[in-house]
Amino acid sequence: MPAETSQTLDRGLRLLGLLAAAPDGLTVTEAATRLDVPRTVAYRLVSTLEQHALLRRDGRGRLHVGLGVLHLASAVQPVLRDLAAPVLRSLAEAVGCTAHLTVAEGEEALALAVVEPSWTDFHVGYRIGSRHPLGQGAAGRAILLGRDRDPERAPWCATSGELQAGARGLAAPVLGVDGLEASVGIVTLGDLDAGRVGPRVVDAAREVAERLRAD
């Protein structure tokens with residue numbers, strides 16, 4: 001027997017999903033049409049979400065995801081860090097490189113968790129909270145790779161000197177976690193054997209995804 005659900009809550013969550021996928025926003029009429037509900041129902045949903053800052057209207061009256069969603073998202077970040085930390089630690093110690101978990105935030109890549117190896121004489125310092133465009137650096141490119149999922153391409157992205165002179169990076173997308181675009185990667189100075197390190201990074205990204213799905 002299927003579990004009982006709230007139709008109103010379901011519609012509200014679906015509306016937020018529609019808005020998240022609509023960079024130019026939606027009108028109330030468009031939202032009602034896509035939800036397949038009367039305009040009066042759509043107006044009630046909009047009003048409720050607006051009161052909680054989960055939805056906002058622009059100067060043209062079009063609907064967008066509101067800033068209140070950022071507060072909810074920020075509460076998830078410590079959970080992501082805690083779940084990923086053991087995997088990043090194992091990866092950093094195994095390959096002798098700084099390991100990191102990076103998430104997409106808009107069109108930027110945000111470093112959410114960083115673990116440095118304990119046994120190396122030198123390693124790259126990578127600050128939690130660092131941001132860069134998704135199209136620049138291995139971590140961001142891996143997130144874009146996760147969107148494309150071309151089976152003809154390597155399952156990781158490697159870059160050299162894109163974010164820091166002399167630094168080399170390699171990252172793989174975290175796949176199969178609803179609502180999350182992320183990558184696991186490493187960064188180092190000097191030579192990087194992608195054939196050796198790449199599969200380890202892919203395995204680490206897969207393990208992070210498994211931990212997140214099981215949580």
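Guide: Let's go from the overall make-up to the sheet and then to the helices. One thing to keep in mind is that this is a predicted model.

Visitor: Fine. How many helices and strands does the protein have?

Guide: Six helices and eight strands. Read from the N terminus, the order is α-α-α-β-β-α-β-β-β-α-β-β-β-α.

Visitor: And the overall dimensions? What does the C-alpha trace span along its principal axes?

Guide: About 65 × 45 × 35 Å. The chain has 215 residues, and 42% of them count as buried.

Visitor: What share of the contacts comes from residues 24 or more positions apart?

Guide: Taking contacts with a separation of 6 or more, such residues account for 52%.

Visitor: On to the sheet. In which order do the strands lie?

Guide: For a sheet, you read the strands across, then their directions. Here six strands line up as S5-S4-S3-S8-S7-S6 in an open sheet, with antiparallel pairing. At the edges sit S5 (131-133) and S6 (157-160), each of which pairs on one side only. On average, neighbouring strands are turned by 30 degrees against each other, if you ignore direction.

Visitor: Can we zoom in on one pair? How many bridges join S7 to S8?

Guide: Eight, between S7 (residues 167-174) and S8 (residues 182-189), and the two run antiparallel. For a landmark, look for Leu170, which stands opposite Ile186 in S8.

Visitor: Which helix lies across S3, S4, S5, S6, S7 and S8?

Guide: That's H5 (residues 138-148), running at about 25 degrees to S7. Helix H6 (residues 194-214) packs on the sheet too, touching S3, S7 and S8, and its direction makes about 40 degrees with that of S7.

Visitor: Now helix against helix. What do I look at there?

Guide: Two packed helices are described by the angle between their axes and by how far apart those axes are.

Visitor: Which residues of H1 and H2 meet?

Guide: From H1 you have Arg11, Arg14, Leu15 and Leu18, and from H2 Ala31, Arg34 and Leu35. By class, that contact has four nonpolar and three charged residues, with no polar ones.

Definitions and conventions. Residues numbered from 1 in each chain as written. Predicted model: local features only at pLDDT ≥ 70, side-chain atom pairs only at ≥ 80, totals over all residues. Heavy atoms only, no water. Contact = heavy atoms within 4.5 Å. Helix = DSSP H or I, 4+ residues; strand = E, 2+ residues; numbered from the N terminus. Nonpolar A, V, L, I, M, F, W, Y, C, P; charged D, E, K, R; others polar. Buried < 20%, exposed > 50% of the residue type's maximum accessible area, 1.4 Å probe, protein only. Pairing = 2+ DSSP bridges. Axes fitted to C-alpha atoms, helices over the stretch in contact; angles between N-to-C directions.
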